[in-house]
Amino acid sequence: MRIVIVGAGSTGTHLAKYLSGEEMDIYIIDKDASKLSMLDSEYNLMTIEGDGTAFSTLRQADVGKSELVVAVTDVAERNIVICGVAKSMGARMTVARVDRHDYIEPCNLEALHAMGVDNAVFPEYLLAKGINEALKHPWARSWYEFNKGEMIMMGIRLADNAPIVGKYLRELAQRERFFHVVAIRRHFTTLIPKGDTQLQPGDILYVTISSADQEKLGTLTGMQLFDIKNVLIAGSGKIVEMTLETAPKTFSFTVIDNDFNRARDLIHQCPSCDVIVGEAGDPNVLEEAGVGKADAFVSLTKSSEGNILTCLMAQDLGIKKTIADIEHPYFFNMGESFNIGSILNMKMQMANAIFQLMIDSESFSSKCLVLPDADVVRLEIKAASKITSVPIKDLKIPEGISFAGFIRNNQSEVVTGQTMLQVGDQVLVVCLNGSLKKVQKLLN
């Protein structure tokens, strides 16, 4: 499988990491030789120095035989041209990074398609959607929907006093059959649990569950269920604007920005929100913004460590839900250790969006979601094999793999030990990094 990424900035670099797999050939094109030399030493991929809009450069990457071309340079118009040229040369699917919402509006997509762009991805819009999902489900750390929302995979932190703390998973499997623990994040490491795994306080459980059973899970994990109404946001720019534009009307927003001109512009663009000029880390500014009445605090400054620190201050002031934009992976563990409510990353959101586009187009991807140190893959059982002849509990499942759920006749179901898979099932599997081949061998 050949994937060509044009643009070796931070977005292109992380996409290469997330899109890479055992059977993928990744090519990255950029004019900057220094960026490419760094990638050569860190990743298993091919680099090409040159202009991604040039036919000659794209021919070097043999884009005519590529399954996917992703253009993620800093200029949206350049990305559109790159996709158009690649499509004319025979690329199967093209995706362009854009920087304005009008590019992704349905009424304009036909014009993009005519220019050779199969899909446009607006990263700030994706992050805004993630923020609003976190606000709608405040007791979950992460929230992913499958099969039009019928099945949910959520990340939820196990409270010290949770009824299931100290229980072994085999005990839960016998009594609580409405959810399935598919992975555990413990001490900055992702584990694929077994029946003899004992749940510990502070574990982040990745759980599959039907949308109707969410509240029951909250009770078992010791999480207090609550709704969000008043939201404080620290930061400015496109992400804030898109968050305000796409948020449910039930939320009331106050934005804190230290730049007077940006604050004034935001008032004109989003007149329904309150805007305070000042530093979000200043207790007096927070008091003026109404921190005592806020249910959630969202930190969207350009500093990952600054976002963590302001979320910590918000937690100390009694705010129930905190959300931090952390763009540097180095700070992910710090955010986890300080129990930030939800950690979002634009590059990961973009990779997940591309996986979903590939699946929706009935294309070539098996990955559908990126988790910390793990992937969720979706594969169809195409031939009768041992996996369809016995219940899942009797299968010899390799280390690093966990069945999450399956889709049969467009109906989603959570996996239990008694589940009997069938030919034609779309199976969702969580696998640690490097375990994809084991999954493919097991299913087919």
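1. Strand β16 sends K321, I323 and D325 to one side and T322 and A324 to the other, and all are buried. Here, buried means under 20% relative accessible area, exposed over 50%, and partly exposed in between, with a 1.4 Å probe and protein chains only. In a regular strand, side chains alternate between the two faces of the sheet. Because five of the five residues of β16 (residues 321-325) are buried, this strand is largely enclosed by the rest of the structure.

2. This is a predicted model, in which local features need pLDDT of at least 70 and side-chain atom pairs count only at pLDDT 80 or more, while totals for chains, interfaces and linings use all residues. Residues are numbered from 1 along each chain as its sequence is written, and side-chain values use heavy atoms, with hydrogens and water left out.

3. Which strands pair with β16? Strand β15 (residues 296-299) runs parallel to β16 and is joined to it by four bridges; F297 stands opposite T322. Strand β17 (residues 342-344) also pairs with β16 in the parallel sense, over three bridges, and there I323 stands opposite S342. Two strands count as paired if DSSP finds at least two bridges between them.

4. β15, helix α12 (residues 304-316) and β16 make a right-handed β-α-β unit, as do β16, helix α13 (residues 332-337) and β17. Right-handed means that, with the strands pointing away from the viewer, the path from the first strand over the helix to the second runs clockwise. Helices (H or I, at least four residues) and strands (E, at least two) are DSSP runs, numbered from the N terminus.

5. The largest nonpolar core has 49 residues, and those with the most contacts inside it are I5, L15, I28, F297 and I354. Helix α14 (residues 346-360) gives the most to this core, with seven residues. Such a core is a set of buried Ala, Val, Leu, Ile, Met, Phe, Trp, Tyr and Cys residues joined through side-chain atoms within 4.5 Å. Another core, of 27 residues, lies apart from it and includes V4, I29, A76 and V98.

6. Leaving aside neighbours within four places in sequence, I28 is in contact (heavy atoms within 4.5 Å) with residues including I5, L36, L45 and I48.

7. As for the whole protein chain, it has 15 helices and 22 strands. Buried residues make up 53% of its 444 residues.
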